[in-house]
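Welcome! Here is a short tour for a first look at this protein, from the whole chain down to one residue.

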Amino acid sequence: MAQAYYSQQNSPVKQTAFTDGVDRPLRVDDVQEAYLEQKDKLVHAIDSTKDILSGLRKFNKDEWVVRYPRLRAAPSGLTHSLSFVDEPAVETEVTLRPKGMARSMTTSSIDSVATSDTDDPAQKVDDDSARLLPSSDFQVLRLDLKLGSHSSASAASALVSQLEKSSIANLLDERLSASVSHIDKLRLRVEDTSSKVLVTGDLNAGKSTFVNALLRREVMPVDQQPCTTAFCEVHDAAENYGVEEVHLVKEGATYDIKDETTFSRFPIQDLESVVGEKDDQENAPQQLIKLYLGDTRAPSESLLNNGVVDISLIDAPGLNRDSLKTTALFARQEEIDVVVFVVSAENHFTLSAKEFLWNASNEKAYLFIVVNKYDQIKNKDKCRRLVLDQIKQLSPRTYENADELVHFVDSASALQPYTANPSFDDLESSLRSFVLVKRSKSKLHPASTYLSNLLADIELLASANCIVAETELDEARVCLAHSRPVLEKMQKGREGLEDSLETEEEEGASAASASARSSLNDALDRISKGKLPLNSTMSLPSYPGLFGVWEWARDIRRTFLLSLDAAVKAAEDESRIITTQGVEAIKNLGETHLPEGVERSRRVFMPEAMFSTVRARGAKGAKTRRTSGQFNPRQHAIVAGGYAGLGIGLSQRLDMLDTTVLDIMDVNHLFWIHFSDSPSSSSKELVAASAPSALSLLSVGLGALTMVGGHGLSTRGLIEGIVRLTDMVGNDKTRKLIAPIIGAVGLGMGVYLVLELPKTIPRNVGRRVRDQVLHPSTEEEEEEEKWTEGHAKRIEKETRKVLRLASWDLKERFRGAMEERSKEVKRGEESEKRAEGAIEWFNGVKIRVEGVRGEIQGV
């Protein structure tokens, strides 16, 4: 059983007195009271630090990706460059200012690791050991980011720089988790009343011999070959009911002295064979040996049986025996209170020793160093100077207390009986004082040192990330100052833009429709008067004479129809101009309402593509497009819409090309004009344009007589009329008038054919063409819209389609731009809120760190 730290009232152990190194006696009660007071402070500080670490891990996972900083000293040494592993190219100049135990920094300075009574060991290493030391100011939370060989640091840095922020944050989270685990073990070690002393060193440095010298008996196996391959913990036999024996802990078991299933018993004499058997097994797992020994010396002389506290000596394997055992030794440091490092006076500190001591110095500022085999050195002063110089670089606190913590001895000579060995006696006295009297320094101070370094690392992280948060806050506010007014302007102008686009669309379509309706009606009016439309490039065929009048009327009809198709094309061309102007106006609206940085439409408006129809596939299967208004005298015109929606122009319709007698002499039209009760204004205009002569009136009379005679007389009346006509012819007076009448009629007909026919036929044909276009004669045609109105609506529809497409494109770009600005504003507000929260949280961490640091300053 472990001995209680407090002895009973009647125990003489309680009255044991020690010295503190300056011949000042200290009572156990005084040591215990001071120790307990500082232990309570340290336990509270450990709990507070764990809370900070746990909060940091949670904040790193849920709220903020904690960045890992690196500091690079400037040549002047007054300023440092702050960068981050994930963005090594971005550097910020900061200034380090000493402030008590730490160097603090705000926006222009950064908290870093430092103490008032020590220098940074990383700045005091020689060239031989520089590659083993970190390049940053972190000590506990240092990430191992140097990949590859030491000579390829630039290549490794280039590789690390490609790591994402989240990857670095994950690595940091693993390191924080390891620190939390270590703190838990640290707390258990602080609360444990016993002390563990680890004896380690390089291979063949004489560790086992040193342990035997401390025990004043040869127990540990000693040989020229390495023989200590397991961790041998030496305890006072009183813990094993006074029985001296060896307990070999079984693989995978947790040692319990009360549970014999967790270990195997061996006598002390079999220790060497037990160790040798394990050494002969290749790849054997690392095992623990518990060695219980009795010490007959007085408590004032014995280290194990000291009457104050339970102590165990741990004899560890050599550092450079193999990597597996070296790694195991490194892992056990968190269980150790005191490290006694044995180094050979012949070899000094190897690379493995330096790395181990640097790692141990993160927690244990004070190391007990034994320079063994010193008597075999001839130039002892040189050896002492070289060893102390190396210790100064590796553990500055140990160097400052070298008189008590660094001892040059020969352990083998200390085992010689009846031989005085003052140097080893001094070592044993100093070790006893360091372990027992100065327990606050040997047991509590390592934990305090670890917390100080860890808190300084946390403060460095908090201060550096505070700068990052302030930078992001400034960037977020700049972004919001730019994007928020743009968004507000777009929100206010959205309705106006939509109204303007609707107005442009409506006005453009209406203007195109009105222009087409006006131009087509004007063309029909001119054709009805026997004239070609204005701006027509065609001309009427010339009069061929009386014998070619029939073909001439047909050619005039075809020319009029072709001119109407050309008028449709002209109306389409006019609508293309109007549409182009509308598209340009919509484009200008985009320039006005779209913010800077938004890509403008790349659509190219091609007016010639309007009113196009898809023709049949060619020989190779390719579709070709043909514009509706193209005019080819041979192929005629293809008009979009057209007759029955088939795209057939007027000049291509056979029913429109038929020529009748009425094209030459429109008797019905003249009769309607002269005998209508209420002729329309348009009819009056036609009458004025006709200006009929007497001969024409005669022809009208004859035509009326013929029509009346043909429709008004019955068969009986016709017979009676013939009888009366015969009677009249039989009259002599009547026979005398017949010849002049016939002559006058013939003369009138001749004059009409020579003078009036070339003028009348174009008007007759134009008038009939106009009537055919505006007044369909079949039921199928009546279902179609009127020619003028149909083309006006078709042109309006095509114009509206183009303008609507341009408007839709602008609306979509405006909507997309407004959504993007909304997202920018939302991201900016979230970033602003997150940065403000991070600044507040990291500042709170720094305040908490200062409070915990104040608790452990006196430990």
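The protein has 22 helices and 19 strands; helices (H or I, at least four residues) and strands (E, at least two) are DSSP runs, numbered from the N terminus. This is a predicted model, in which local features need pLDDT of at least 70 and side-chain atom pairs count only at pLDDT 80 or more, while totals for chains, interfaces and linings use all residues. Residues are numbered from 1 along each chain as its sequence is written, and side-chain values use heavy atoms, with hydrogens and water left out.

Of its 859 residues, 44% count as buried (under 20% relative accessible area, with a 1.4 Å probe and protein chains only).

Now for the inside. A nonpolar core is a set of buried Ala, Val, Leu, Ile, Met, Phe, Trp, Tyr and Cys residues joined through side-chain atoms within 4.5 Å. Here are two of them:

| Core | Residues | Among its members |
|---|---|---|
| Largest core | 52 residues | L42, W64 and F842 |
| Another core, apart from it | 44 residues | V309, V342 and L427 |

The most comes from α13, with 16 residues.

Where does N421 lie? N421 sits in the loop between α11 (411–414) and α12 (422–437). N421 counts as buried because its relative accessibility is 10%. Its side chain meets that of S423 in a polar contact of 3.0 Å (a pair of N or O atoms within 3.5 Å; within protein, one must be able to donate a hydrogen and the other to accept it, and residues adjacent in sequence count only if both atoms are side-chain atoms).

How values were computed:
Buried < 20%, exposed > 50% of the residue type's maximum accessible area, 1.4 Å probe, protein only.
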